[in-house]
Amino acid sequence: MSTSSPSEPALGLFLTCPPGLEATLAEEARELGFADATAVAGGVTAQGGWPEVWRANLWLRGATRVLVRIAEFRAMHLAQLDKRARKVDWAGVLRPDLPVKVEATSRKSRIYHAGAAAQRVERAITETLGATVSAEAALKIMVRIEDDLCTISLDTSGEALHRRGHKLAVGKAPIRETMAALFLRQCGYDGSEPVMDPMCGSGTFPIEAAEIAAGLAPGRSRRFAFEDFASFDPQAWTAMKAAADKPGTPDLRFYGSDRDQGAVGMATQNAERAGVAALTRFACHPVGALERPDGPPGLVMVNPPYGDRIGNRNLLFALYGGLGQTLREKLPGWRLGLVTSDGGLAKATGLNFAEIGPPIPHGGLKVRLYRTAPL
């Protein structure tokens with residue numbers, strides 16, 4: 001599905017995500033109608049007009065940012081970069097009354113000084129468009145020079161897309177909503193079964209699962225950088241958002257529990273802000289006090305402490321062992337998706353993991369998703 005008009009040239013989109021999750025994000029993008037979505041290192045490439053850019057920001061759950069390529073050319077030296085940057089149609093995408101900032105990287109290229117490259121592009125923008133340059137500007141232009149090929153892109157998202165606009169309260173080591181959504185997808189979750197997190201922290205997994213089940217657009221409550229572009233059409237955007245604001249009412253519940261009353265309070269408030277309070281249930285108790293909810297079996301998603309950051313690793317073996325025992329005894333028929341940086345702790349659950357995912361960077365660590373068949 002493409003919403004770009006025949007006269008509107010397709011833009012090159014780059015949907016960023018943590019390394020190791022590209023194929024999962026490509027799958028999500030194809031489901032959303034980006035038929036040409038292709039996994040590459042660090043993200044997913046796709047094409048579409050400006051309405052597709054808006055839709056990607058509004059609906060994609062797993063992308064970190066949506067970048068749009070506006071120019072690509074060879075540049076062997078700074079004078080050539082300067083000349084070609086001035087030929088970019090800056091007025092077609094940027095407004096002269098709003099400041100911008102330019103970030104540049106250079107790799108395996110004759111233009112090796114990224115700072116000097118950024119200055120040339122800044123000068124091209126100020127002298128051809130009249131916009132000012134500011135390090136504090138919200139609008140970001142990204143210049144990448146690799147093997148003498150210069151690619152100029154706009155960050156259309158602004159704040160990273162895991163900032164949905166609902167979660168004001170977070171715990172000590174929160175998993176980002178974007179990563180949580182991709183892990184849920186890897187576990188086969190499609191919104192048609194209950195999800196439980198027995199160490200829920202600020203509630204990311206149950207809230208994300210409830211939003212998916214209700215068909216809520218993840219970007220429904222926030223602003224995006226593209227709203228300040230010259231190409232922005234407020235009326236078309238308002239219509240797109242209105243069409244997205246028709247949630248369903250699934251007959252499912254999403255459960256979170258934590259031994260920390262403060263975490264349970266945070267999760268409850270976050271669910272209320274996200275508009276899924278009626279679909280979620282949060283309780284304060286240790287893992288061992290877990291009770292099987294009424295209804296069909298579903299998916300347990302849990303991101304326990306790893307020891308690298310919270311608590312002592314030796315004390316965590318008992319915690320993981322207790323988790324495995326409780327799940328076997330109380331949740332037969334449910335599947336488990338466990339996120340941890342420590343394979344030894346995962347093994348301590350005593351559970352048989354059918355699949356172990358690749359290492360994914362998370363807060364200075366590398367975590368993996370461990371998945372079981374129905375217990």
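Mentor: Begin with handedness: a crossing is left-handed if the near helix is turned anticlockwise from the far one by less than a right angle, and right-handed if clockwise. Helices (H or I, at least four residues) and strands (E, at least two) are DSSP runs, numbered from the N terminus. H2 and H8 cross in the right-handed sense. This is a predicted model, where local features need pLDDT of at least 70, side-chain atom pairs count only at pLDDT 80 or more, and totals for chains, interfaces and linings use all residues. Residues are numbered from 1 along each chain as its sequence is written, and side-chain values use heavy atoms, with hydrogens and water left out.

Trainee: At what angle do helix H2 and helix H8 pack, and how far apart are their axes?

Mentor: Two packed helices are described by the angle between their axes and the distance between the axes. Axes are lines fitted to C-alpha atoms, for helices over the stretch in contact, and angles run from 0 to 180 degrees between N-to-C directions. Helix H2 (residues 50–59) and helix H8 (residues 234–244) pack at about 35 degrees, and their axes are 11 Å apart.

Trainee: Which residues of H2 and H8 make the contact?

Mentor: Contact means heavy atoms within 4.5 Å. H2 brings Pro51, Trp54, Arg55, Leu58 and Trp59, and H8 brings Ala236, Trp237, Met240, Lys241 and Ala244. Now sort them by class: Ala, Val, Leu, Ile, Met, Phe, Trp, Tyr, Cys and Pro count as nonpolar, Asp, Glu, Lys and Arg as charged, and the others, Gly among them, as polar. The contact of H2 with H8 has eight nonpolar, no polar and two charged residues.

Trainee: How do helix H3 and helix H5 cross?

Mentor: Angles under 35 degrees count as roughly parallel, over 145 as roughly antiparallel, 65 to 115 as roughly perpendicular and the rest as oblique. The axes of H3 (residues 78–85) and H5 (residues 114–128) come within 8 Å and cross at roughly 30 degrees. H3 is therefore roughly parallel to H5. Their crossing is right-handed. From H3, Leu78, Leu81, Asp82 and Ala85 meet Ala116, Ala117, Arg120, Val121, Arg123 and Ala124 of H5.

Trainee: What about H6 and H7?

Mentor: H6 (residues 177–186) and H7 (residues 204–214) pack at about 65 degrees, with axes 10 Å apart. So H6 and H7 are roughly perpendicular. Their contact has Glu177, Ala180, Ala181, Phe183 and Leu184 on H6, and Thr204, Phe205, Glu208, Ala209 and Ile212 on H7.

Trainee: Now the spaces. Which residues line the largest cavity?

Mentor: On a 1 Å grid over the protein atoms alone, a cavity is a set of points where a 1.4 Å probe fits but cannot get out, and a pocket is an open set with protein on both sides within 12 Å along at least five of seven lines; lining residues have an atom within 4 Å of a point. Arg164, His166, Lys167, Glu177, Thr204, Ile207, Glu208, Glu211 and Asn270 line the largest cavity. H7 gives the largest share, four residues. By class, the lining has one nonpolar, three polar and five charged residues.

Trainee: Which strand gives the most to the lining of the second largest pocket?

Mentor: S4 does, with four residues. Strands S1 (11–16), S4 (65–74), S5 (100–107), S6 (139–146) and S7 (149–155) each supply at least two residues of that lining. The lining has nine nonpolar, five polar and four charged residues.
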